[in-house]
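Please report on the fold, the surface and the confidence of this chain. Keep it brief.

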Amino acid sequence: MTIGEWSPTTLETGIGYVRFAAPTDGGWEGKTVTLVDKEGAEHAGTVVALPFFDKEKRLPRGMSLDD
């Protein structure tokens with residue numbers, strides 16, 4: 001992982017940016033990974049495509065994400 005941080009918005013979870021080598025089985029998206037922080041604690045994560053939040057740009061337009 002190149003960078004990780006607590007989500008600054010309503011995701012209520014940690015987010016990070018990771019670069020993977022291209023797999024031969026069709027892709028990383030949807031796969032579960034285990035990340036280890038600098039203290040050695042393990043955290044489960046799921047690989048999603050960018051952008052991973054508010055793809056429809058609802059927040060800047062004042063719209064709810066739940067509709």
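## Model and confidence

This is a predicted model. Mean pLDDT over the chain is 75. A score of at least 70 is reached by 73% of the residues.

Strand E1, residues 3-6, has the lowest mean pLDDT of the elements, at 76. E4 has the highest, at 86. Where pLDDT is low, predicted coordinates should not be read in detail.

## Fold

The chain has four strands and zero helices. Along the sequence the pattern reads β-β-β-β.

Contacts between residues at least 6 apart in sequence give a further view of the chain. Of these, 15% join residues at least 24 apart.

Strand E3 covers residues 32-36, and strand E4 covers residues 42-46. The two pair in the antiparallel sense, over five bridges. One of the bridge pairs links Thr32 to Thr46 in E4.

E3 and E4 form a hairpin, with five residues between the strands. Gly40 sits in the turn. Its phi is positive, at about 95°. E4 is also the element with the highest mean pLDDT, 86.

## Surface and burial

The chain has 67 residues, and 9% of them count as buried. The accessible surface of the chain comes to about 5700 Å². Carbon and sulfur atoms account for 54% of that surface.

## Thr2

Thr2 lies in the segment before E1. Is Thr2 buried or exposed? Thr2 is exposed, because its relative accessible area is 55% and the cut-off for exposed is over 50%.

Technical notes. Residues are numbered from 1 along each chain as its sequence is written. This is a predicted model: local features need pLDDT of at least 70, side-chain atom pairs count only at pLDDT 80 or more; totals for chains, interfaces and linings use all residues. Side-chain values use heavy atoms; hydrogens and water are left out. Buried means under 20% relative accessible area, exposed over 50%, partly exposed in between (1.4 Å probe, protein chains only). Contact means heavy atoms within 4.5 Å. Accessible areas come from the Shrake-Rupley method with a 1.4 Å probe; for residues, only the protein chains shown count as cover. Two strands pair if DSSP finds at least two bridges between them. pLDDT is the predictor's confidence in each residue, from 0 to 100.
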